[in-house]
Amino acid sequence: MTHDNTVFVQIWDLNEAPVEGPVSVKVEDRELVLLRRGDTLVAMDRWCPHQQGDMAAGRVLGRGLKCPLHGFIFSVDTGRGLNCPGFNLSVHDLNVKDGLVSVRLKH
């Protein structure tokens, strides 16, 4: 299936898998990391653009996600590298309806 910017793909059931930290999810050929802090739910690319650190093994620090390899921190709002200029992760749009989470992938 080919995605454009208008297609949301269902990826998760909030009722079955509550999340407190980063969790990896595969959406067709893309690997994402999902995280929830309070009422905020975020989907980002899973692999750090620096040296492919697994962001699903990272730590959430306030509004940032820290890579476990070298400590690069990315904004959960924008994906912009906060302490690593020039490195960014894509943040993907989410839709939650009736406990089902769907994502719209950015290419």
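Let's start in strand 7, where phenylalanine 74 is the bridge partner of leucine 65. Strands here are DSSP runs of E with at least two residues, numbered from the N terminus, and two strands count as paired if DSSP finds at least two bridges between them. The model is predicted, so local features need pLDDT of at least 70 and side-chain atom pairs count only at pLDDT 80 or more, while totals for chains, interfaces and linings use all residues. Residues are numbered from 1 along each chain as its sequence is written, and side-chain values use heavy atoms, with hydrogens and water left out.

Strand 6 (residues 64-66) and strand 7 run antiparallel and are joined by three bridges. They belong to an open sheet of three strands in the order 5-6-7, with antiparallel pairing. At its edges lie strand 5 (59-61) and strand 7 (73-75), each pairing on one side only. On average, neighbouring strands of this sheet are turned by 30° against each other, direction ignored; the axes are lines fitted to C-alpha atoms, and angles run from 0 to 180 degrees between N-to-C directions.

## Strand 8 and its partners

Now for strand 8 (residues 91-97), which runs antiparallel to strand 4 (residues 40-45) and is joined to strand 4 by two bridges. Here valine 91 of strand 8 is the bridge partner of methionine 44.

Strand 8 also pairs with strand 9 (residues 100-104), in the antiparallel sense and over five bridges. Asparagine 95 stands opposite serine 102 in strand 9. Two residues lie between the strands of this hairpin, and aspartate 98 takes a positive phi near 55° there.

Definitions and conventions: Helix = DSSP H or I, 4+ residues; strand = E, 2+ residues; numbered from the N terminus.
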